[in-house]
Amino acid sequence: MEQKVNTENGEVATDFPGDGSYNQRPHSPTFGHVQWSTFAIEYQTPTEQNDSGVNAKVKERRTPIEWINKYFLEGQALTTTQTQALEKLGPNAPWHERLIVKHRRLVGVAIPFIFFQVIWWSSAFKYNFWRYFPDKFYISITMIFGSMIAGMTSEGGGAVAFPVMTLAFGIVPAVARDFSLMIQSCGMTAAAFTIFWMRVQLEWHSIIFCSLGGIVGMAIGLEFIDPSLTPPQKKIGFVCVWFSFAFALFLLNLYHKRKTYKTIPNFKLWKMIVLVLTGFLGGIFSAVAGSGVDICSFSILTLLFRVSEKTATPTSVVLMAGNTVVGFYWRQVIQQAVSVDAYEYLAVCVPIVVLGAPLGSVIGTHFHRQVLAGLIYVLDTVALVSAYAIVPLTKALIGASVGIIAFGFIFFGLITYAGQKIMERIEEEKEQLPQTQVNGEAEGKENRDQNNKQQEETRDIDLGQRNVGFSSTTDVSSQL
């Protein structure tokens, strides 16, 4: 039941039953000393807001070091298994155990990096990939930043590659889409492995059900929807939809102490259906622009279910990794339509993204959720402005873009409103629970801990009784 722990910023971590349960956990020991609980749920209670002492503290100006620690060194949100392993790691542990547990980030980045590098370098010598760099080096430079952003945010590498390739370099959208799917099937897969290896907190309901819907959406989008759209429509539609989402997220984050959950609370059948439909719609977007299921999942998790960006971001990375593999498979095996240009772009970018995406995922897990959201604002705004500046606009295209943005504002606004109502209902249900039940569960937890301790002591005594020279008349404490 609900247990609140005050922190310096007026933020609390809450324990309550269900899939969205919270436990106060430590973060990775390598960055700062910020408590993990500052990410779990962020809000100020009315009592704290009325406390003049708290208000005076909140108004204090942070030093540069405090500001950096809060927004860029907040600490990773890890699973229970990993936090327990960190706590139990002793100073005399074997070197390999210290390496795996304490330096999981380094190992998690190194494994996929070495795997893809071995494959790429052996292929490069065999097929002479070097000849592609003089004409396509600009794509390599683009993906240095694209892969980092892909690992750090919910946008994915395609959200950078597609608009840059189509708007800045004038590449055909179909080629840019195929390249986005292909390069993300390498980079995002490497980032997903790093996330799994580090045991970063994920929303598994979203991964499972959005993936199921995304597979169907990808197939339908590639077969029926993508061929019916013109290149300008694809470019403008892509940037307009996600600018609307970025604006809605910006409005939501104006409440700096808004409450967020680690996972979807009180998971039910209708939430499963929402996730499947979200994945289906995202799969269609991915089929058109090479990116979509990650942003769709991120928007529903953050706006509707109020899941923290620190959980939603790595979840979207894992989702996009699987969805791009499906898209790459469908384009190459089923449709057999991947162009030679897309493969050449892939050849000059693989050794870069397999390091940039995992590294970005590691960096992103330490950032404050406001920083992650800010990156999305900047990316989507720049993409929209660039599209209007570069794409030849007709009256019909201008009208369609304005309509998409207006519809997006309304749609994401309604989702945000629904998310607020859902959160209020959850909090009301928690408040209506009998206090005796709350106290009973707390006492039950203490009793379980005490019983476990007694069992360990009894086991030690039994072992002592088996020792040679043990006497029943001997003081047990001296044997222990």
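Lys 136 sits over the face of Tyr 345, 5.5 Å from the centre of the ring. That tyrosine is a handy way into this predicted model, since Tyr 345 also takes part in a ring pair with Phe 179.

First, the overall picture. The chain runs to 480 residues, of which 49% count as buried, and it holds 21 helices and 2 strands. Among contacts with a separation of 6 or more, 82% are between residues 24 or more positions apart. Mean pLDDT for the chain is 77, with 70% of the residues at 70 or more. Residues 1-58 fall below 50 in pLDDT, yet this stretch has 148 contacts in the model beyond near neighbours in sequence. Residues 458-480 are also below 50, and there the corresponding count is 7 contacts. Where pLDDT is low, the predicted coordinates should not be read in detail.

Now to the aromatic side chains. Searching the whole structure turns up 24 aromatic pairs. In the pair of Phe 179 and Tyr 345, the ring centres are 6.0 Å apart and the planes make an angle of 75°; with over 60 degrees as the cut-off, the pair is therefore edge-to-face. Phe 179 belongs to helix H10 (residues 173-198) and Tyr 345 to helix H16 (residues 340-347), so this pair ties together parts of the chain that are 166 residues apart in sequence. Phe 179 and Tyr 345 are both buried.

Phe 243 and Phe 409 make another pair, with ring centres 6.4 Å apart and planes at 45°, so this one is tilted. Here too distant parts of the chain are linked: Phe 243 is in helix H12 (residues 231-252) and Phe 409 in helix H19 (residues 395-432), 166 residues apart. Phe 243 has a relative accessibility of 17% and so counts as buried, while Phe 409, at 32% relative accessible area, is partly exposed.

Elsewhere, ring pairs join up into a cluster made of Trp 120, Trp 121, Phe 125, Phe 129, Trp 130, Tyr 132 and Phe 133.

On the charged side, the search of the whole structure gives 8 salt bridges. Leaving aside residues up to four places away in sequence, Asp 178 touches Arg 331, Ala 337, Val 338, Ser 339 and Ala 342.

Arg 177 has a further salt bridge, to the side chain of Asp 226, at 3.2 Å from N to O. Arg 177 is in helix H10, whereas Asp 226 is in the loop between helix H11 (204-225) and H12, so the bridge ties together parts that are 49 residues apart in sequence. Asp 226 in turn meets the side chain of Lys 234 in a salt bridge of 2.9 Å, N to O, and Lys 234 is buried like Asp 226. Through shared partners, the salt bridges connect Arg 177, Asp 178, Asp 226, Lys 234 and Arg 331 into one network. Arg 331, a member of that network, is also among the residues that Asp 178 touches.

One more lysine deserves a mention. Lys 259 is placed in the loop between H12 and helix H13 (269-289). With a relative accessible area of 11%, and under 20% being the cut-off, Lys 259 is therefore buried. The side chain of Lys 259 makes a polar contact of 2.9 Å with the side chain of Glu 427.

Conventions: Residues are numbered from 1 along each chain as its sequence is written. This is a predicted model: local features need pLDDT of at least 70, side-chain atom pairs count only at pLDDT 80 or more; totals for chains, interfaces and linings use all residues. Side-chain values use heavy atoms; hydrogens and water are left out. Rings of Phe, Tyr and Trp (its six-membered ring) pair if their centres lie within 6.5 Å; planes under 30 degrees apart count as stacked, over 60 as edge-to-face and the rest as tilted. Helices (H or I, at least four residues) and strands (E, at least two) are DSSP runs, numbered from the N terminus. Buried means under 20% relative accessible area, exposed over 50%, partly exposed in between (1.4 Å probe, protein chains only). A charge sits over a ring if NZ of Lys or CZ of Arg is within 6 Å of the ring centre and within 35 degrees of the ring normal. A salt bridge is a side-chain nitrogen of Lys or Arg within 4 Å of a carboxyl oxygen of Asp or Glu. pLDDT is the predictor's confidence in each residue, from 0 to 100. Contact means heavy atoms within 4.5 Å. A polar contact is a pair of N or O atoms within 3.5 Å; within protein, one must be able to donate a hydrogen and the other to accept it, and residues adjacent in sequence count only if both atoms are side-chain atoms.
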